[in-house]
Amino acid sequence: MSCPRIYLIGPAGSCGKFFEQIGDNSAVRFLERVQKIVGTSFEITGDLKLLDAKEDELNGGRQDDYVRASDIEMELGSDDTIAIIAIRGGAWFTRVLPKIDFTVLDRRTRPILVFGFSELTTLVNIVADHPMGRGIYDTGPAFLKYGLKRYAETRLGLKSEAAQGASNDGNSATTSDEWMNARLAGEMETYFRDTVSIISGHGTTREITAREIHPTVLCNHEKPESLPERFEASIVGGNLVVLCTLLGSRWRNCVDPTDRWLVLEDLNEKPERLDRFLSQLTLAGFWNRCRGLLLGDFHKEEQTLTDAVLGILKYHLPSDREVPILVTSDIGHIWPVSPLLLNKPISFRRKDSDQWILSWDHAQLDSELGR
């Protein structure tokens, strides 16, 4: 009997540049690299032509919409595929959704895990809403390059090669590019080993921590209610801009926050545009229906915008009910980042006065996958 299959997809932005940057130069060599990392417990595969596909930003991005849709549809319906991992986010995917027949999930005899984030927010939430789907909001391996480099610049104070060259202060110091390149292969190996650990039911080493924002900081609640020391809740959401594309669509119920927490993050959007998208959630009644808000990282280039989003929320949150807010730096277009299981019970545990730990039952997930 053949081993279960982990299928790699690149249905949004092109993966070609990433393959070149890590020295693989092609999808076939990248799949070989991942297979060596994973070992023999799972077969690593994917459509090589789609993974190597180019994009033309000024000509609709990609010209293979139906092929991309068919690729995902086939794997969602195959019991031989136990997990789908999106190599990256990017663009050009949301318009493909109507071409995917998600009812193929109905014929599965065991659930399938789908890993993705950013442009794949829609796919992960739709799959997570199906009884045979398990959606995990998590970074793609191609994003590690950006995440590591930004971490070096914003957290370690290193300059990029371009910035250091322009400063004329010599080349003795380590650049953010050098710091990133020295760690990229190792971090990619860590990512795949951790993801396989999740798929195998052994859990993740990437824990989610969050801090609680007191309601009086945003709204004038005279007697704010306290969250219990420990509770369970399901979470929906992801990238704010992409999430909003599902409002009013046939998949609107997949991201309906009624009695669930809502997770939001985004990058490279102006505060005024973030306000516009938060307004969409306000007009859709999200704040009156959700149990709480998990706010991930927001930034535009080097500028952190999470506090700015909190400031914007003052104008959106209802005055007649309290919406609990937790802020985490473990979710978003950053590094390091932690995986978040969507639309399934998550455990919220208070660590101290305003610190929380979020986790889920990996043993239960393993049982649900039929092992």
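1. W92 sits in the loop between β3 (81-86) and β4 (112-116). Strands such as these are DSSP runs of E with at least two residues, helices are runs of H or I with at least four, and both are numbered from the N terminus. Phi of W92 is near 75°, a positive value in a residue other than glycine. Most residues other than glycine have a negative phi, and most peptide bonds are trans.

2. A word on the source. This is a predicted model, in which local features need pLDDT of at least 70 and side-chain atom pairs count only at pLDDT 80 or more, while totals for chains, interfaces and linings use all residues. Residues are numbered from 1 along each chain as its sequence is written, and side-chain values use heavy atoms, with hydrogens and water left out.

3. Look next at P336. This residue lies in the loop between β12 (325-327) and β13 (340-341). The peptide bond from W335 to P336 is cis, and its omega is near -5°.

4. Now the helix pairs. Helix α2 (residues 27-38) and helix α8 (residues 176-199) have axes that come within 9 Å and cross at roughly 60°. Axes are lines fitted to C-alpha atoms, for helices over the stretch in contact, and angles run from 0 to 180 degrees between N-to-C directions. α2 and α8 are therefore oblique to each other. Angles under 35 degrees count as roughly parallel, over 145 as roughly antiparallel, 65 to 115 as roughly perpendicular, and the rest as oblique.

5. Which residues of α2 and α8 make the contact? From α2 come F30, R33, V34, I37 and V38; from α8 come A185, M188, E189, F192, R193 and V196. Contact means heavy atoms within 4.5 Å. By class, the contact of α2 with α8 has 8 nonpolar, no polar and 3 charged residues. Here Ala, Val, Leu, Ile, Met, Phe, Trp, Tyr, Cys and Pro count as nonpolar, Asp, Glu, Lys and Arg as charged, and the others, Gly among them, as polar.

6. Helix α11 (residues 271-283) packs with helix α13 (residues 306-313) at about 45°, their axes 10 Å apart. So α11 and α13 are oblique to each other. Their crossing is right-handed. P271, L274, D275 and L278 of α11 meet V309, I312 and L313 of α13. That contact has 6 nonpolar, no polar and 1 charged residues.

7. The largest pocket holds about 830 Å³ of space. A pocket is an open set of points on a 1 Å grid over the protein atoms alone, where a 1.4 Å probe fits, with protein on both sides within 12 Å along at least five of seven lines; lining residues have an atom within 4 Å of a point. Grid points are joined across faces, edges and corners, and a volume is the space filled by probe spheres set on the points. The lining has 31 residues, and R88, G90, F143, Y146 and L267 lie nearest the centre. The largest share, 5 residues, comes from α6. By class, the lining divides into 10 nonpolar, 10 polar and 11 charged.

8. The second largest pocket has a volume of about 450 Å³. Of its 19 lining residues, R155, D297, T304, S329 and I334 lie nearest its centre. α6 gives the most to this lining, with 4 residues. The lining divides into 5 nonpolar, 8 polar and 6 charged.

Notes
Left-handed = near helix turned anticlockwise from the far one by under 90°.
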